[in-house]
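Try each task yourself before reading the solution.

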Amino acid sequence: MSEESRRSPVGPGGAARTAAVPPLDDRDGAIWLDGRLVPWREARLHVLSHGLHYGGSVFEGERVYGGRVFKLHEHSLRLVASAREMGFTLPWSAEELDAATREVVAAAGLAEGYVRPVAWRGSDTLRLVAPGSSVHVAVAAWPWPTIFTEGPRGIRLSTSRWRRPAPDTAPVRAKTAALYALGSLAGQEAEEAGRDDALLLDHRGRLAEATGANLFLVIDGALHTPPPECVLDGITRRTVIALARERGLGVVERHMEPAELARATEVFLTGTAYEVQPVTAVDALDYPVGPVTVALREAYAKAVRGEESGGPARGAAPAVAGEGG
């Protein structure tokens, strides 16, 4: 993983912050909080907020390219749907969240950056079941230049002992903090073992995803990826699938056993932070940064700037999903 990505304050793998990056709570600028822009350092929540104690928060990760948020409306729709999946309703519509996000990006003067919308249950009560609790929403944005300025670099994964839960045991369709605890634990263990990120299996021991990114294998020239049953159906994932099909590449969504990693000639991840990220190792298996990965990475780089279609940017509400991004 590049040094730039390791200094990033968010993203898969839980990259550690260094002195080169100021902490996220001590910056200049403004954050949209509950309907208005407030000074960055004043955007706070109470320590007894329900969402902090019981995982009742949902969020998005979005990227700004050329001053525009890629597929903004899809992200806003997903935030609304994730909240609904977690049992609460946002006080703002997807269209209002779109407007708030544009306001934040404009106030920050961002050309290239990252956007983090987040919603959580407030501090009205710490009763575990709190259907009537207040709901708060914030949108923050900050600069984030392109991570890989010298071409794609591969990262190394290790298979985690943690597994993605079954759809009937957790709100797997929501992009919620409650589920990202698994990715945090898995990523921390992977980094401690000298790897860049972790590969998680699903509850049945099949290939699932990385800590915050979707998994693709290139087998016999086609893309193979786990179906979005207990993994996150990322917006980047859907974009890359559309780009692959436009280029005549076969895309197969199916359950895969870990042994199938040995059949793959290329492996890559997709997500808002990673974009299209080559994988050069999974445990003891090594992979090249191959032509399919490079072609899709280049196509995605054009799509985010409006030079490729990559599927519709607006439309019906997508399936609720996660930071696969």
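**Exercise 1.** Does Leu128 count as buried or exposed, and at what relative accessibility?

*Solution.* Please keep in mind throughout that this is a predicted model. Start by finding the residue: Leu128 sits in the loop between β6 (112–121) and β7 (135–143). Next, take its relative accessibility, which is 60%. The cut-off for exposed is over 50%, so Leu128 counts as exposed. Finally, look at its surroundings: Leu128 belongs to a nonpolar surface patch with Val47, Leu48, Tyr54, Leu126 and Val129, and together the patch has about 560 Å² of accessible area.

**Exercise 2.** Work out whether Glu60 is buried or exposed, and list what it is in contact with beyond its neighbours within four places in sequence.

*Solution.* First, locate Glu60 in the loop between β3 (57–59) and β4 (62–65). Its relative accessible area is 0%, and buried means under 20%, so Glu60 is buried. Then go through the contacts: with neighbours within four places in sequence left aside, Glu60 touches His75, Arg78, Leu79, Tyr114, Val115, Arg116, Pro117 and Lys175.

**Exercise 3.** Which parts of the chain does the salt bridge between Glu74 and Arg238 tie together?

*Solution.* Begin with the distance: the closest N and O atoms of Glu74 and Arg238 are 3.5 Å apart. Now place the partners. Glu74 lies in helix α3 (residues 72–85) and Arg238 in helix α6 (residues 235–246), so the bridge ties together parts 164 residues apart in sequence.

**Exercise 4.** Where do Arg164 and Glu209 lie, and are they buried or exposed?

*Solution.* These two form a salt bridge, with 2.7 Å between the closest N and O atoms of Arg164 and Glu209. Arg164 is in strand β8 (residues 155–164) and Glu209 in strand β10 (residues 207–210), so parts 45 residues apart in sequence are tied together. Both Arg164 and Glu209 are buried. Elsewhere, salt bridges with shared partners join Glu74, Asp233, Arg237, Arg238 and Glu253 into one network.

**Exercise 5.** How many salt bridges does a search of the whole structure find, and what percentage of the residues is buried?

*Solution.* Count the bridges first: the search finds 19 salt bridges. Then turn to burial: of the 325 residues in the chain, 54% are buried.

Methods: Residues are numbered from 1 along each chain as its sequence is written. This is a predicted model: local features need pLDDT of at least 70, side-chain atom pairs count only at pLDDT 80 or more; totals for chains, interfaces and linings use all residues. Side-chain values use heavy atoms; hydrogens and water are left out. Patches are made of residues with over 30% relative accessible area and no salt bridge: like charges are joined within 9 Å, nonpolar side chains (Val, Leu, Ile, Met, Phe, Trp, Tyr) within 5 Å. Accessible areas come from the Shrake-Rupley method with a 1.4 Å probe; for residues, only the protein chains shown count as cover. A salt bridge is a side-chain nitrogen of Lys or Arg within 4 Å of a carboxyl oxygen of Asp or Glu. Helices (H or I, at least four residues) and strands (E, at least two) are DSSP runs, numbered from the N terminus. Buried means under 20% relative accessible area, exposed over 50%, partly exposed in between (1.4 Å probe, protein chains only). Contact means heavy atoms within 4.5 Å.
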